[in-house]
Structure formats: C-alpha cells, structure tokens
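Please read these comments with the model open beside you.

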Amino acid sequence: MKLLIFLLLFTSLVHSADYNIGPDYALKNIADAPWATLTAGDTVYIHWRAAPYREKWVINRVGSASQPISIIGVSNEFGQQPVIDGNNAVTVAGLNYWNETRGVIKIGGSNNPADGLPQYIIIENLEIRSARPAYQFTDDNGNIATYSNNAASLFVEKAANLTIRNLTLRDSGNGLFIGANGGQTENILVEGNHIYDNGIVGRFFEHNAYTAAINITYQYNRFGPLRSGALGNNLKDRSAGLVVRYNWIESGNRQLDLVDAEDSSVLVNHPAYAETFVYGNVLIEPNGAGNSQIIHYGGDSGTLNDYRKGNLYLFNNTIISTRSGTTTLLRLSSNDETAHVFNNIIFNTASGSSLAMIDGSGSLNLNNNWLKSGWRDCHCSPAGTVNDNGNNIEASDPLFLDFGNQQFALQSTSAARNSAGNLMPAVLPAHQILQQYLEHQNVELRPVDGLLDMGAFEFFDNSNPELLFQNGFEH
C-alpha cells in the first residue's frame with residue numbers, strides 16, 4: 001500500500017511541468033505550448049517581448065485545488081506586462097473551439113481540447129487587448145474573421161474555481177465577460193486587475209466587465225473609464241453570491257449595474273442570489289459620464305419574477321460625484337429590493353439638494369453615513385421609501401486629505417472619523433472590514449485606532465509605531 005501511494009504521488013509530480021514562452025526560450029510563440037494536454041500542476045510562463053503576441057486560444061483543461069493550471073505573464077525589468085493582442089491574431093493551430101469571434105483568450109467550450117468544465121485555473125499578469133470591430137483575426141480554419149461587438153479580452157464561457165489576477169483588459173467590446181452557462185460557472189475570483197477603455201461607441205450593451213456566475217468576488221481591481229463614446233457600465237453583473245469589495249471604480253454609465261440573472265433559473269433560485277455585498281470601494285461619478293445613477297440593483301430584463309428581490313448591503317464605501325447636475329445614489333428596480341446603506345461617505349460637489357438616495361422604488365435604510373447637507377430622498381415623488389435610521393452626519397465637506405488629487409483618506413479633523421456604526425449582523429463574520437484599497441490594484445490592512453471611520457479609508461497616524469506593528473505594516 002505504501003508503495004502504491006508513493007507511486008501515485010511520484011506520478012503526479014512527474015506529470016506537472018513548466019513551459020516558458022518567449023524570445024529567450026525554446027518555445028518562441030504561444031502556439032508552442034501544449035494547450036490541449038495541460039494537466040494539474042502545469043504552469044505556462046509567457047515572457048515579455050517588445051512585440052505583442054498576436055495569437056488567440058482556448059483554455060479548457062482541469063487542474064486541482066492543490067495543483068492548479070497556471071498561465072502567468074512575466075514582466076520585463078520595467079514592469080511591463082506581456083501583451084496578447086487580438087488585432088490580426090492567429091488562432092493556435094490544433095485547437096478547435098466555437099465562438100472565436102467572442103474573445104482573444106477563451107476559457108471553456110471547445111472540441112479540441114475535448115469539452116468539459118475547466119477547473120482550478122489561474123491566469124495572471126498579462127495585458128490582453130483588442131477584441132472588437134473592426135479588428136480581425138485568422139480562425140482555426142485559416143479564414144479571416146471579425147470580432148463581434150460583444151467580444152471580450154477575456155471570454156469565460158464556463159469555468160469553476162477560476163482566478164483572474166493582475167490582468168490589464170482593454171480596447172475590447174467587453175474587457176471581461178463571464179457567462180453562467182446554466183450554473184456551471186462558479187467560484188470566481190477577480191483580483192487586482194486594471195480594466196478600462198472597453199465598450200462600443202454609441203452602444204449601451206458592452207461594458208468594462210459583464211459577468212454572471214455562482215459566487216464571484218471582485219477585489220482590489222481598478223476600473224477606469226470606458227472607451228470614449230461608449231455608453232456601457234463599468235461593472236455589470238447578474239450573479240448569485242456577488243461580493244464587490246476594496247475596488248476603485250471610476251466612470252461608466254453606472255459604476256455598478258447589479259441586475260437579474262435573466263437567462264439562468266439556477267442562479268435566480270440559488271440561496272445566495274438575494275444577498276449582495278458592496279463595501280470598501282471608491283466609486284466615482286464624473287461630470288457627464290452618463291446616467292446620473294451610481295448604482296442600479298434589481299433587474300433590467302422586464303421579467304419581474306427574476307429580479308433580485310433581496311438585500312444590498314452597501315457599507316464603508318467612499319462615493320464621489322462631481323456632476324454639475326443631479327446625482328442619484330441608487331436605483332432599486334422594484335419595491336421588493338432593499339438597500340442597507342451605512343458607514344459610507346457620500347459626497348457630491350454640487351449642492352446637497354442635487355443628491356438623492358433613490359430613483360423611485362424600493363426601500364433604503366440609511367444610518368451612520370456622511371452626507372452633504374440638503375440631500376433628498378428622491379428627485380421625484382417616490383413609490384419607495386427612505387428610512388433615515390439616524391446617526392448620519394450632514395455637513396458641507398468631509399475633509400478628505402487631498403480631494404483634487406483623489407486622495408480620499410481623511411484629515412485628522414474630519415467628522416467622519418470614529419463615527420461609523422457597528423456592522424450589521426447579516427454581514428458578519430464573512431464581511432468584516434479588515435482591509436482598504438491601496439492605489440492602484442493593491443490592498444493594505446485597514447488601521448485599527450479605536451472606533452471605525454466612515455468611508456473606505458481609516459484615518460492613519462503614521463507617527464504611531466504601535467499602530468504600524470499592530471496592522472503588519474513594515475517600513
């Protein structure tokens with residue numbers, strides 16, 4: 001028996017391999033790696049080179065929790081990521097997969113490799129770009145084809161236990177697209193990426209990120225403006241079990257569009273569908289960026305039975321609007337949606353009366369937020385309700401460290417210091433506030449200096465060495 005166990009362990013070790021692609025290695029091109037036969041523990045390193053890799057391919061293999069399959073970009077000495085460019089790319093020979101017009105790198109959905117559910121995949125540290133009309137590519141049959149409007153830099157048709165980390169996704173219809181695929185897509189981590197410059201000019205249907213899955217977490221990402229003239233949202237999601245925490249999300253038609261799983265009854269009926277957690281983020285609504293609503297929660301398909309009809313927990317975010325006109329924090333799609341809004345800093349540069357909490361419907365429970373004096377329930381006669389549960393601070397200026405340079409940490413004299421309330425039991429213990437966003441695409445432990453501050457950043461006294469030690473900061 002001991003011999004059998006040893007042989008099994010030895011075999012698994014032998015079969016895992018590293019493949020290095022780059023100008024200084026035997027494998028010069030993406031096509032030189034064995035994409036159709038990767039096994040658990042294999043790692044493909046794609047090294048930076050001066051010219052982009054103009055190749056496209058599918059990933060459809062299975063790793064394990066202890067031995068994932070990893071595709072890792074290796075930056076040059078200046079930190080430049082390897083570039084995978086979809087414009088004039090050629091599909092890797094020997095691979096055969098459908099929906100080639102939908103992305104540069106695709107995960108799941110192929111004939112070769114044989115179709116299955118790709119699992120335990122890590123893709124990290126690459127710049128993936130240029131999947132949209134009128135860009136073209138050469139498909140697996142040698143034909144010239146044009147990307148569709150809804151093509152993505154990274155197109156995930158289906159996957160489980162997938163980590164998407166430190167990618168730059170840009171210049172495509174969607175930067176990131178993830179499909180639910182009947183509920184097969186689950187346990188997705190989107191971490192530390194830079195997603196910007198996506199969308200189609202004049203269209204509302206393509207976004208920086210457009211996703212649907214069971215259990216998906218966005219953290220430490222930087223979402224920038226969409227392509228100039230594109231009308232889509234920054235992050236649009238239809239998932240069950242959605243967590244959006246410690247991100248920087250700037251511009252877009254809406255910063256967050258969290259709507260119904262319109263084509264997946266599995267997601268609609270999933271226990272996690274009715275709870276969404278959004279915390280520790282910086283959300284920025286610039287002047288003229290599109291819709292005056294910052295967040296939409298509920299649904300947009302028109303099939304009301306599929307709407308989220310649950311609870312949005314929106315807490316300890318720093319939310320900024322520089323619109324010259326009106327701003328609305330939340331559109332709740334129906335009176336069956338409820339938002340619990342607490343411990344946020346919600347600041348608009350226009351008059352306080354230009355800021356409203358809801359668009360008309362739903363229930364919003366408001367407590368322990370910093371708000372500009374004169375805010376309103378709605379720029380309308382609402383069918384829903386705003387319940388002011390107290391302990392909100394109303395003033396003219398939250399006293400950010402340097403508003404003009406987007407330094408949204410607090411000054412020592414800010415009234416938002418030590419003024420947050422206790423977290424709701426419904427968000428604990430999984431969603432305790434332990435970290436804060438670090439510019440850019442990084443995170444640090446949130447200082448602990450007594451009571452919790454409002455907003456995404458805790459005041460930090462760097463003259464206190466005990467505080468530095470307590471939180472693990474080493475300088």
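1. Basis. The model is predicted: local features need pLDDT of at least 70, side-chain atom pairs count only at pLDDT 80 or more, and totals for chains, interfaces and linings use all residues. Numbering runs from 1 along each chain as its sequence is written, and side-chain values use heavy atoms, without hydrogens and water.

2. Overall build. The protein has three helices and 42 strands (DSSP runs numbered from the N terminus: H or I of at least four residues, E of at least two). The radius of gyration, over C-alpha atoms, is 23 Å; the globule rule also gives 23 Å for 475 residues, so the protein is as compact as a globular protein of that length. That rule is 2.2 Å times the number of residues to the power 0.38. The C-alpha trace spans about 65 × 50 × 50 Å along its principal axes.

3. Burial. Of the 475 residues, 56% count as buried (under 20% relative accessible area, 1.4 Å probe, protein chains only).

4. Sheet. Eleven strands form an open, parallel sheet in the order β5-β9-β14-β17-β20-β23-β26-β29-β32-β35-β38. Pairing requires at least two DSSP bridges between strands. β5 (83-85) and β38 (393-395) are the edges; each has a single partner strand, so one side of each lacks a neighbour in the sheet. Inside the order, β9 (127-129) and β14 (168-170) pair in parallel over three bridges. Ile128 has Leu169 of β14 as its bridge partner.

Methods. Buried < 20%, exposed > 50% of the residue type's maximum accessible area, 1.4 Å probe, protein only.
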